[in-house]
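Please examine the model below with attention to its aromatic rings.

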Amino acid sequence: VFVERVADAKDRKHVNTIGIRHVANSIRTHGMGIMNTTVNFAYQYLAKKFNIFSQFLYDDHIRSRLMNEVRFFHERHAELNNEYPIPRAEKLIKGMKRLGLSEDGHSFLDQFRRLIAELGNALGFVRMFVPVLGEVGEVSLEEAARREALSPECVEAAKNLDSVLQDLRENSAEGVDYFSVLVSVFSETLCSEQNAHLKEFYMILPALFLSHVEALMLAKDKLAKRGRDSMNASFTDDGLALGVAYLLK
């Protein structure tokens, strides 16, 4: 289930949600063609986000800090038992904050974390179509025609339509791994020499996840508050994990 941010619904008393049932109803209404449209939209969306992702890691202020962490870890990985020290991650977070804050008080690392979470959310939306195919397949027109005591001809026609729809579902899902498609589209470009600066991405992850935990705790605390602070309240934000897994892939 996808839940709208409270900050995006500040003029309303409710937030919008999108779940498997909504997508299944949309497929029933508009047909299987929306799956290709969704993947195409996800591709365009990811392309824009990857451009911002690359620009962030190419920035001299960011890259110099990451290179410093890479040298530190490579020189002392045996002494550290291959465990990155948390104090170094905390120091990196403070260093990012010194680079400047946005109008809403977010550092560059916070904005980068949100960028990766948006990547993960886009992939999660595409992934949601897999169980949706099963949801769409739950309805049997033949059984519905029998319940309504329709003529044998109508029951036979409903049975034929069920068969056609089942073939469409199988052909749409058979052999199609949307994650593999999206990964393969970008992997060659991201692994090229032109994007060699992306290789240090892994070194920002300790600070990134530490920042993520702190942000989650603050967002949950704001659920019980009113006023301006409540606009940034949230009880879940799991797009980061999927986004990081995709980028490491």
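Phe56 and Phe112 are both buried in this predicted model. The centres of their two rings are 4.1 Å apart and the planes meet at 15°; because planes under 30 degrees apart count as stacked, Phe56 and Phe112 form a stacked pair. Phe56 belongs to helix H2, whereas Phe112 belongs to helix H5, which covers residues 108–127.

In general, two values describe a pair of aromatic rings: the distance of the centres and the angle of the planes. The structure holds eight aromatic pairs. One of them is formed by Phe50 and Tyr246, with 5.9 Å from centre to centre and 35° between the planes, and this pair is tilted. Phe50 lies in helix H2 (residues 33–58) and Tyr246 in helix H11 (residues 239–248), so the pair ties together parts that are 196 residues apart in sequence. Phe50 has a relative accessibility of 6% and therefore counts as buried. Tyr246, at 8% relative accessibility, likewise counts as buried, since the term applies under 20%.

These residues also belong to a wider arrangement. Ring pairs join Phe50, Phe53, Phe56, Phe112, Phe201 and Tyr246 into a cluster.

Arg88 lies over the face of Phe72, at 3.8 Å from the centre of the ring.

Methods
Residues numbered from 1 in each chain as written. Predicted model: local features only at pLDDT ≥ 70, side-chain atom pairs only at ≥ 80, totals over all residues. Heavy atoms only, no water. Phe/Tyr/Trp six-rings, centres within 6.5 Å; stacked < 30°, edge-to-face > 60°. Helix = DSSP H or I, 4+ residues; strand = E, 2+ residues; numbered from the N terminus. Buried < 20%, exposed > 50% of the residue type's maximum accessible area, 1.4 Å probe, protein only. Lys NZ or Arg CZ within 6 Å of the ring centre and 35° of its normal.
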